Amino acid sequence: MSESLIIFIIIFVKLSLILGITLTLAAYMVLAERKILARMQARYGPNRVGPYGLLQPLADLIKLVSKEDILPAEADKTIYHIAPVIVAGTVLLTFSVVPFGGPVSVMGHVVKAPVIDLNVGVLFILALSSLGVYGVALAGWSSGSKYSLLGGIRGSAQMISYELAMGLSIVPVVMLTGSFNLSDIVAAQSTAPFIVYSPLGFLVFLISVAAESKRIPFDLPEAENELVAGYHTEYSGMRFGLFFVGEYINIIVLSALAVTFFLGGWHGPGPAWLSLFWFFFKAAFIAFFFIWTRATLPRFRYDQLMAFGWKLLVPLALANVIITGALALTFGWRGGA
Amino acid sequence: MTEFIVGLIDAFSVTLRQMFRRPATVQYPEEKRTLPPRYKARITLTRDPDGGERCVACYLCSAVCPVSCISMESAEGPDGRRYAKWFRINFSRCIFCGMCEEACPTLAIQLTPDYEFCKYDVLDLCYEKEDLLINSEGKYEGYNFYRHAGVGVVNPKGKNDDEYRPVDLKGNMP
């Protein structure tokens with residue numbers, strides 16, 4: 001077999017594995033959220049379909065696919081159809097640069113975990129999450145409904161504001177590593193995760209990630225009791241499903257990123273093959289934290305949301321850049337060996 | 001600020017603790033609650049200890065029913081005993097408020113804890129008298145209206161246990 005064919009096969013296998021696993025995980029993320037949320041509210045949650053309700057995602061999928069696809073009369077058809085694809089697509093693409101495991105050697109090739117080991121991975125992620133805003137804004141605008149429009153506007157405003165804090169909170173990570181490459185960032189954390197060097201950065205990142213994925217204290221774009229369902233009010237069937245799945249993949253991806261940037265990625269005690277498990281375990285914990293937050297906190301008011309983002313998170317993130325930078329210079333911190 | 005942080009930690013610990021609590025849900029079809037005897041569900045017409053119908057077709061339940069789901073026609077037997085010629089409750093309308101039971105002067109109409117009587121056809125929810133009558137005294141045992149009523153049905157007039165003799169209107173004695 002020629003070199004290029006092997007590389008092609010490896011990439012293809014990685015792609016299909018990631019696509020399959022992320023989509024399945026997203027489906028089970030929905031179930032996990034419903035279950036955990038239910039337990040926190042002294043209920044059982046879905047437990048009728050299959051043992052412990054484990055087939056519930058399948059039932060949901062069948063339901064979503066077989067539902068009627070409604071196109072509102074006022075809608076801008078092309079944009080209306082593209083918007084959910086943008087949301088789900090950008091989120092799925094983000095996962096292509098996440099190093100979710102250590103390097104493995106297959107047939108004489110060292111296979112790194114991410115599909116592409118991009119040297120500007122961090123920028124790629126930030127760019128994609130900015131693109132994702134288009135999905136929200138366009139969905140809100142093209143539906144031709146006031147609730148959708150309001151949800152879209154809120155969504156884009158919120159995501160743009162919190163993206164700033166998110167980007168700034170990653171700056172110390174990049175400073176400590178000296179690279180935009182996610183594999184390098186993980187490698188730099190082989191001794192100690194970056195949360196030790198920059199706990200404030202982790203906190204800001206976690207909060208802005210919750211806002212980025214429109215999770216509960218920041219779920220204004222889809223605030224049920226004001227905006228019906230926000231930007232995806234008019235969507236039905238699998239188009240709504242795409243938004244829904246996209247949202248949950250987003251949670252998984254952002255949890256994975258939090259792990260990559262601050263919690264040491266796939267590093268952990270034990271043999272090398274445990275790296276996948278460690279990554280999954282850490283990401284699952286962050287995802288659980290998001291669910292936990294949803295059970296705990298009420299929704300922000302819109303002005304509170306904006307004030308919190310611009311007056312607290314952005315200055316905090318900026319201060320963190322300076323503090324971590326100063327400390328790193330003083331003590332000669334440099335991630336890795 | 002400290003207040004804010006303490007409040008946050010407090011809130012998170014509450015939800016985490018709740019997660020390990022036993023859910024309050026009753027898994028209905030497999031697991032059923034034992035309902036109190038006065039639970040308000042399927043309406044029945046009970047019988048007195050002697051086996052006769054208690055209902056005297058006074059229309060009070062029908063009058064008090066807020067959704068007008070009870071209808072009947074009264075009749076009188078040769079011994080002066082009143083009864084319902086037909087008695088119908090439309091359970092598709094009934095809201096199980098129990099006001100008919102409260103209004104009933106003879107303890108005839110009673111609600112039971114049997115709440116599982118769904119039907120595929122709405123008309124099947126129209127219960128006629130023979131569907132409503134049960135061979136039981138329900139919640140109140142040993143009560144027979146006509147043993148206290150001052151109407152000579154079970155015993156001649158004035159011969160019931162808690163009754164005086166009828167006043168002799170033409171006599172002089174008090």
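Author: Let's begin with how helix geometry is defined here: axes are lines fitted to C-alpha atoms, for helices over the stretch in contact, and angles run from 0 to 180 degrees between N-to-C directions. Helices themselves (H or I, at least four residues) and strands (E, at least two) are DSSP runs, numbered from the N terminus. The model is predicted, so local features need pLDDT of at least 70 and side-chain atom pairs count only at pLDDT 80 or more, while totals for chains, interfaces and linings use all residues. As for labels, residues are numbered from 1 along each chain as its sequence is written, and chains are lettered from A and ligands numbered from 1 in the order in which they are written.

Now the pairing. In chain A, helix α1 (residues 3–40) packs against helix α10 (residues 237–262) at an angle of about 100°, and their axes are 9 Å apart. That makes α1(A) and α10(A) roughly perpendicular to each other; the label covers angles of 65 to 115 degrees, with under 35 counting as roughly parallel, over 145 as roughly antiparallel and the rest as oblique. Who does the touching? From α1(A) come A:Thr22, A:Leu23, A:Leu25, A:Ala26, A:Met29 and A:Val30, and from α10(A) come A:Val245, A:Tyr248, A:Ile249, A:Ile251 and A:Ile252. Contact here means that the C-beta atoms of two residues, placed from the backbone, lie within 7 Å. Sorted by class, this contact has 10 nonpolar residues, 1 polar and no charged ones. The classes go like this: Ala, Val, Leu, Ile, Met, Phe, Trp, Tyr, Cys and Pro are nonpolar, Asp, Glu, Lys and Arg are charged, and the others, Gly among them, are polar.

Zooming out to the chain that holds this pair, chain A has 12 helices and 2 strands, in the order α-α-α-β-β-α-α-α-α-α-α-α-α-α from the N terminus. Its radius of gyration is 20 Å, close to the 20 Å from the globule rule for 337 residues, so chain A is as compact as a globular protein of that length. That radius is taken over C-alpha atoms, and the rule is 2.2 Å times the number of residues to the power 0.38. Along the principal axes, the C-alpha atoms of chain A fill a box of roughly 60 × 55 × 45 Å. Buried residues are 43% of the 337 in chain A, where buried means 20 or more other C-beta atoms within 10 Å of a residue's own, exposed means 12 or fewer, and partly exposed is in between, with C-beta atoms placed from the backbone. Of the contacts in chain A with a separation of 6 or more, 78% are between residues 24 or more positions apart.

One residue elsewhere in chain A is worth a stop. A:Phe308 lies in helix α12 (residues 302–331) of chain A, and A:Phe308 is partly exposed because 19 other C-beta atoms are within 10 Å. Leaving out residues up to four places away in sequence, A:Phe308 touches A:Phe300 and A:Leu313. A:Tyr162 is 146 residues from A:Phe308 in sequence, yet their C-alpha atoms are 9.6 Å apart.

The model as a whole scores ipTM 0.70 and pTM 0.77.

And the partner? Chain B has 4 helices and 5 strands, following the pattern α-β-α-β-β-α-β-β-α. The radius of gyration of chain B is 25 Å, whereas a compact globule of 174 residues would have one near 16 Å. The C-alpha trace of chain B spans about 95 × 50 × 25 Å along its principal axes, and 20% of the 174 residues are buried. On confidence, chain B averages a pLDDT of 87, and 99% of the residues score at least 70; pLDDT is the predictor's confidence in each residue, from 0 to 100.

Within chain B, B:Asp48 sits in the loop between β1 (43–45) and α2 (60–64). B:Asp48 counts as buried because it has 21 C-beta neighbours inside 10 Å. Beyond its neighbours within four places in sequence, the contacts of B:Asp48 include B:Arg54, B:Glu137 and B:Tyr143.
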